[in-house]
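Subject: Handover of a structure and notes on its contents

Dear colleague,

Please find below the structure that I am handing over to you. My notes on what was found in it follow directly after.

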Amino acid sequence: MKNKAADLKKILDTATMKRFWSNVDKSGGEDACWKWKLSLIPGGYGQFKLEKNNNYMAHSIALIIKLGRFPKGVTIHSCDKRDCVNPSHLREGSHQENMEDMFRKGRHYSQRTEKFTEFIENLRAEDKELLYNILCKQLHKTEKPEKKERQFGSMKGLVKNIADDFDAPVEDFKKHQ
Ligand SMILES: [Zn+2]
């Protein structure tokens with residue numbers, strides 16, 4: 001469990017901020033995406049080590065510095081670049097808003113199955129659930145399936161409705177079957 005008050009103090013400490021910004025590529029100028037130069041976590045977000053065994057997402061730190069407090073809800077990128085830490089590209093938003101944003105991107109990604117699969121795989125369990133509910137709403141399905149079916153697997157059917165070829169075998173592969 002993180003000690004948020006202590007972490008906030010540490011994040012807003014001048015030395016920490018200096019260390020944080022020294023890992024950011026601002027070469028594109030004020031309006032450009034500021035790329036995180038250190039390690040990225042599998043989802044593509046930057047990672048900042050606040051102290052030993054206490055890591056934060058780099059973009060979250062950038063927003064905390066901008067606000068001077070922890071954001072209410074989640075940190076949303078307006079630029080869609082996960083490794084961007086430019087505070088002017090970051091804002092706080094509700095989880096629902098973030099998921100709707102993700103849904104729009106997901107639909108965009110669904111045109112490229114690989115990317116969409118990666119996108120889904122990188123979601124946290126509760127986000128999958130939320131995305132599922134949003135997909136249900138979008139597809140005008142008022143009924144939810146049985147609890148046991150409300151797993152990721154059942155989302156595939158819904159995804160199929162968006163991208164008809166989502167589950168279709170790749171043409172080249174078919175030839176060898
Ligand atoms: Zn950006």
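Over residues 159–177 the pLDDT stays under 50, and for this stretch the model has 14 contacts beyond four places in sequence. Where pLDDT is low, the predicted coordinates should not be read in detail. Please bear in mind throughout that this is a predicted model. For the chain as a whole, the mean pLDDT is 79, and 72% of the residues reach 70 or more.

Overall organisation

The chain contains eight helices and six strands. The chain has 177 residues, of which 16% are buried.

Which residues of the largest nonpolar core touch the most other members? They are Ala 58, Ile 61, Ala 62 and Val 85, out of 15 residues in that core. Helix H3, which covers residues 58–67, gives the most to this core, with five residues.

H3 is largely enclosed by the rest of the structure, because seven of its 10 residues are buried. The buried residues of H3 are Ala 58, His 59, Ser 60, Ile 61, Ala 62, Leu 63 and Ile 64. When neighbours within four places in sequence are left aside, Ile 61 is in contact with Ile 11, Phe 20, Phe 48 and Tyr 56. Just after H3 comes Gly 68, which takes a positive phi of about 75°.

The hairpin of E3 and E4

Strand E3 (residues 47–51) and strand E4 (residues 54–57) run antiparallel and are joined by four bridges. One of the bridge pairs links Gln 47 to Met 57 in E4. Together, E3 and E4 form a hairpin with two residues between them.

Asn 53 is found in the loop between these two strands. Most residues other than glycine have a negative phi. Asn 53, however, has a positive phi, near 60°, although this residue is not a glycine. Is Asn 53 buried or exposed? Asn 53 is exposed, because 6 other C-beta atoms lie within 10 Å, and a residue counts as exposed at 12 or fewer.

Strands E5 and E6

Strand E5 (residues 74–77) pairs with strand E6 (residues 90–93) in the antiparallel sense, over four bridges. E5 has two faces: Thr 75 and His 77 form the covered one, while Val 74 and Ile 76 form the uncovered one. Thr 75, from the covered face, has Glu 92 in E6 as its bridge partner.

The loop between E5 and E6 holds Asp 80. Asp 80 also has a positive phi, about 65°, although it is not a glycine. With 13 C-beta neighbours inside 10 Å, Asp 80 counts as partly exposed.

Residues in other helices

Asn 98 is found in helix H4, residues 95–109. Which residues does Asn 98 contact, leaving aside its neighbours within four places in sequence? They are Val 74, Ile 76 and Gly 93. Val 74 and Ile 76 are the residues of the uncovered face of E5. Asn 98 and Ile 76 are 22 residues apart in sequence, and their C-alpha atoms are 6.5 Å apart in space. Asn 98 is partly exposed, because 18 other C-beta atoms lie within 10 Å.

Trp 21 lies in helix H2, residues 14–21. Trp 21 has 14 other C-beta atoms within 10 Å and is therefore partly exposed. Its C-alpha atom is separated by 9.9 Å from that of Trp 34, 13 residues away along the chain.

Asp 127 belongs to helix H6, residues 125–138. This residue is partly exposed, with 16 other C-beta atoms within 10 Å. The C-alpha atoms of Asp 127 and Gln 96 are separated by 9.4 Å, and these two residues are 31 apart along the chain.

With kind regards

Technical notes. Residues numbered from 1 in each chain as written. Predicted model: local features only at pLDDT ≥ 70, side-chain atom pairs only at ≥ 80, totals over all residues. Core = buried A, V, L, I, M, F, W, Y, C linked by C-beta atoms within 7 Å. Buried ≥ 20, exposed ≤ 12 C-beta atoms within 10 Å, placed from the backbone. Contact = placed C-beta atoms within 7 Å. Pairing = 2+ DSSP bridges. pLDDT = per-residue confidence, 0-100.
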